Amino acid sequence: MLIALIALIAPACTQPRSQRCREICKREADCVDQTGNKIAFDEKECVAACGVLESDVADNVAKVVRHAECVSRKQACTDVLECP
């Protein structure tokens, strides 16, 4: 019975990883590496945080969309890392 309960609850605890978040965070991680920037950047933490914002209120979803658009528009990594 306990195993069945865990099997039902476990999927609800995991946040689905959105393609948009994976793409944004991958690009930012690549740019951090390419520029030799000394900022601490963890791609997995980025994806997790982005996913939480995407599943939150509409205002936060809009911020994720604006950030994604900025990252995809910018060509130079220095510009990507300055996206709000």
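Mentor: A crossing is called left-handed if the near helix is turned anticlockwise from the far one by less than a right angle, and right-handed if clockwise. By that convention, the crossing of α2 and α3 is right-handed. Helices here are DSSP runs of H or I with at least four residues, strands are E runs of at least two, and both are numbered from the N terminus. This is a predicted model, in which local features need pLDDT of at least 70 and side-chain atom pairs count only at pLDDT 80 or more, while totals for chains, interfaces and linings use all residues. Residues are numbered from 1 along each chain as its sequence is written, and side-chain values use heavy atoms, with hydrogens and water left out.

The protein chain has 5 helices and 0 strands. The axes of α2 and α3 (residues 43-54) come within 9 Å and cross at roughly 145 degrees; axes are lines fitted to C-alpha atoms, for helices over the stretch in contact, and the angles run from 0 to 180 degrees between N-to-C directions.

Contact means heavy atoms within 4.5 Å. On the α2 side, the contact is made by Arg20, Cys21, Arg22, Cys25, Lys26, Glu28 and Ala29. They meet Glu43, Cys46, Val47, Cys50, Gly51 and Glu54 in α3. These residues divide into 6 nonpolar, 1 polar and 6 charged, where Ala, Val, Leu, Ile, Met, Phe, Trp, Tyr, Cys and Pro count as nonpolar, Asp, Glu, Lys and Arg as charged, and the others, Gly among them, as polar.

Glu54 pairs with Arg20, their closest N and O atoms being 2.8 Å apart. The pair links distant parts of the chain, with Glu54 in α3 and Arg20 in α2, 34 residues apart. Arg20 counts as partly exposed, at 32% relative accessibility; buried means under 20% relative accessible area, exposed over 50%, and partly exposed in between (1.4 Å probe, protein chains only).

Lys26, one of the contact residues of α2, forms a salt bridge with Asp30, the closest N and O atoms being 3.1 Å apart. Both lie in α2, 4 residues apart, about one turn of the helix. Lys26 is partly exposed at 41%, and Asp30 is partly exposed at 28%.

Now the nonpolar cores, each a set of buried Ala, Val, Leu, Ile, Met, Phe, Trp, Tyr and Cys residues joined through side-chain atoms within 4.5 Å. The largest has 8 residues: Ile24, Cys31, Ala68, Cys70, Val71, Cys77, Val80 and Cys83. Helices α2 (19-35), α4 (58-73) and α5 (77-80) each supply at least two residues of this core, and α4 gives the most, with 3 residues. Apart from it lies another core, of 6 residues, among them Cys21, Cys25, Cys46 and Cys50. Those four cysteines are also listed in the contact of α2 with α3.

Beyond its neighbours within four places in sequence, Cys31 is in contact with Cys77, Val80 and Leu81. In the whole protein chain, buried residues make up 26% of the 84 residues.

Technical notes:
A salt bridge is a side-chain nitrogen of Lys or Arg within 4 Å of a carboxyl oxygen of Asp or Glu.
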